[in-house]
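My entries follow the order in which I checked things.

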Amino acid sequence: MATSGDPRKTDESIRLGHGSGGALMHELIETVIVDALANPVLEAMEDAAELPTVGGHRLEGGRLAVTTDSYVVQPLFFPGGDIGTLAVSGTVNDLAMKGARPVCLTLGLVAEEGLALDALRRVLASIATTARDAGVAVVAGDTKVVERGGIGGLVLNTAGIGVIPDGVRSSCDRVQDGDAVIVSGTLGDHETAILVAREGLKLEQEIASDCAPLGGLVAAALEACPETHLLRDPTRGGLATVLCEVADGAGVGITIDEASLPVRPEVRSVCEILGFDPVYMANEGKAVLFVPGDAADDVLEALRAHPLGREAALVGRVGGRPGVAVRTVVGGLRPLVMLEAAQLPRIC
Amino acid sequence: MTAGPLDPEAFRSERAARAIVERIRGLATAPAALMEVCGTHTVAISRFGLRSLLPERLRLLSGPGCPVCVTPVGEIDRAIAIARLPDTIVATFGDMMRVPGSESSLERERARGADVRIVYSPLDALEIAAEEPGREIVFLGVGFETTSPTVAATIARADREGLRNVSVLPFFKRIPPALRKLAAVPDRSLDGFICPGHVSVVLGSDAYRSIARDDGLPCVVTGFEPLDILWGIFLLLRQANDVRAGGRAKVEIQYRRAVTREGNPAALAMLDDVFEICDAEWRGIGEIPESGYAIAEPYRNLDAGPRFDVELPPPADDGPCICGEIMLGEKLPDDCPSFGTACTPRSPLGPCMVSSEGSCAAFYRYERGRRDRR
């Protein structure tokens with residue numbers, strides 16, 4: 001096989017796979033982006049940056065958390081939300097995963113010539129509602145317009161700022177043997193909903209994105225267990241990617257019990273037909289929690305008492321040989337690895 | 001939730017799986033090798049960790065069941081050459097995007113500006129053709145008998161509607177001739193075929209009668225849930241033991257809820273109307289007589305092969321890739337010295353590592369380190 005197998009040839013241009021959340025994207029980030037910008041805060045590669053001091057000043061009672069995100073979802077409007085709901089939820093959730101109380105957001109808009117003003121109004125209404133629900137304010141913004149062609153109508157960028165209270169530390173290096181792995185609800189809802197909407201698949205039952213801000217849910221979990229070791233939201237690349245990142249980052253083994261993974265039947269059906277695995281599908285309203293083993297019951301109770309955590313489940317444990325393994329529904333054992341790029345629908 | 005006959009959870013019960021595995025262990029008293037020829041089986045076996053449940057002396061081999069994997073380099077090169085033409089759109093199932101040709105891949109061509117679109121259904125190609133009257137749409141007809149009837153129907157519709165700007169590259173392959181070729185390998189150590197579930201929905205289980213009768217190999221048409229596969233394996237071992245004791249091989253249907261002996265007459269009629277059987281080359285294996293479909297009259301004008309005159313690069317050889325031996329069941333992916341080292345999904349040496357239903361990709365994803373885990 002000529003070119004593809006030659007390890008000396010590097011990718012000469014960006015491919016769609018570079019944005020998929022899989023190993024290709026990780027490589028781009030590590031070898032091209034972080035490599036150019038290196039600093040200790042960035043290199044921690046958590047969902048938000050933690051700044052113990054700001055220009056030499058310490059905050060009272062906590063540390064500053066900062067995150068940024070861009071939103072390029074297509075279609076702009078989908079069952080369960082729109083690009084606006086996503087922008088606020090996604091950014092708030094990155095802060096929440098560091099245990100931060102979200103405070104405010106910035107909002108950059110890049111609109112494409114020809115975008116209906118009504119569409120923009122709808123998106124802004126969603127942003128306003130979601131921000132209100134999440135208890136944050138949009139405090140700064142920017143607006144640009146580009147010529148027709150190529151950005152799908154609207155692209156949003158945000159920065160989020162929050163405060164991590166003293167005593168809370170959500171960090172990959174805290175994950176250790178004996179930890180329980182908990183997910184706050186059903187897997188794969190968002191990406192499956194987007195896929196169905198984008199491909200115009202006609203189903204009997206509508207699949208909605210789970211897009212939602214998780215500040216309140218996370219606060220409930222942290223109240224039940226302030227020693228929570230790590231929170232992550234399984235967005236692009238799904239639960240599987242989070243598990244692989246954590247196993248790799250913390251140098252631990254994680255075993256997942258496939259039968260205990262919560263998945264909506266309609267999501268499972270669509271994934272089966274297309275040949276996708278829900279464990280790799282993005283969620284936008286779920287959290288993965290790594291908590292001390294003996295705190296699992298308390299955390300589950302707290303999550304299930306919250307409207308966004310009713311289907312929370314214990315799905316695995318940390319321990320054993322480094323890497324991620326799955327105990328399959330029929331009792332087999334096999335590894336779980338990061339995908340190279342996006343899943344592709346199968347042929348037959 | 002009560003388990004009904006169509007409740008998928010019923011086909012994944014761990015207790016039932018244990019019971020079937022016990023019976024398999026009871027039958028697997030001698031080494032045996034069973035081969036599947038369907039990418040979905042390849043993935044299901046690995047994904048559910050079935051090899052970790054079964055005795056080591058029972059080998060599950062993966063045959064040429066991935067239609068993408070058996071598409072010869074020359075056909076990929078032709079698709080790429082057509083993609084490079086101006087005002088041309090190539091519509092393809094997703095898996096074909098990453099398969100390496102001699103010099104490039106469809107994915108790379110798209111990154112360089114070619115209009116290559118992933119579709120879920122061949123009918124999408126007709127929609128694109130209607131939306132883009134000034135451009136040529138070429139659909140890559142890759143697949144086995146699960147897929148070829150739908151493409152045949154698409155070709156028939158394109159003809160009825162008089163669409164002039166759409167055509168198909170007929171890269172289809174037929175499973176039964178491949179099974180006969182595998183059965184005829186001298187000194188083969190094969191004890192039975194796990195026959196493909198959905199191909200058989202179209203063909204009917206009688207399509208495999210000659211393999212049981214003339215080649216003496218047990219055939220069981222099997223579904224895709226873990227219990228389906230385990231039960232299919234049980235039925236094959238039962239037959240294999242019977243054959244060893246002097247009995248006769250037969251074709252059985254495990255996948256009774258979907259497969260009949262006669263198959264789907266409408267699909268078979270469609271294949272008969274639009275295609276004619278021809279010899280075809282399978283990557284890594286070579287030519288198998290009567291194993292392909294060419295587009296027949298009066299639909300021949302929809303064949304993209306003669307419609308586009310393109311220059312092809314000299315076909316690259318496979319180098320260290322042993323996909324051919326793997327697809328013939330002579331080796332398993334982790335027997336290959338390049339597996340996981342020089343050959344990974346990121347830098348694949350061959351198609352079996354690229355396609356999500358390829359044996360090497362399935363092993364890389366689900367079975368790495370299995371020998372250490374035993």
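pLDDT is the predictor's confidence in each residue, on a scale from 0 to 100. I noted that chain B averages a pLDDT of 92, with 97% of its residues scoring at least 70. The model is predicted, so I kept its limits in view: local features need pLDDT of at least 70, side-chain atom pairs count only at pLDDT 80 or more, and totals for chains, interfaces and linings use all residues. Residues are numbered from 1 along each chain as its sequence is written, and chains are lettered from A and ligands numbered from 1 in the order in which they are written. For the complex, the predictor gives an ipTM of 0.78 and a pTM of 0.84.

**Entry: the two chains**

I looked up which residues meet, counting two residues as in contact if their C-beta atoms, placed from the backbone, lie within 7 Å. Chain B gives 49 residues to the contact and chain A gives 25. On the side of chain B that touches chain A, α1 (14–27), α4 (106–111) and α15 (359–366) of chain B each supply at least two residues. Helices here are DSSP runs of H or I with at least four residues, strands are runs of E with at least two, and both are numbered from the N terminus. The largest share of that side, three residues, comes from α1(B).

**Entry: a helix pair in chain B**

I took axes as lines fitted to C-alpha atoms, for helices over the stretch in contact, with angles from 0 to 180 degrees between N-to-C directions. The axes of α6 (148–160) and α11 (265–274) of chain B come within 9 Å and cross at roughly 55°. That makes α6(B) oblique to α11(B) (under 35 degrees is roughly parallel, over 145 roughly antiparallel, 65 to 115 roughly perpendicular, and the rest oblique). Residues of α6(B) that meet α11(B) include Ala152(B) and Ala156(B), and those on the α11(B) side include Met270(B) and Leu271(B).

**Entry: a helix pair in chain A**

In chain A, the axes of α3 (83–96) and α4 (117–134) come within 7 Å and cross at roughly 30°. That makes α3(A) roughly parallel to α4(A). The contact includes Val88(A) and Val92(A) of α3(A), and Ile127(A) and Ala131(A) of α4(A).

**Entry: a buried helix face**

Which residues of α6 (215–224) of chain A are buried? I listed Gly215(A), Leu217(A), Val218(A), Ala220(A), Ala221(A) and Leu222(A) (buried means 20 or more other C-beta atoms within 10 Å of the residue's own, C-beta atoms being placed from the backbone; 12 or fewer is exposed, and in between is partly exposed). Their cover includes α3, α4 and α9 (296–304) of chain A.
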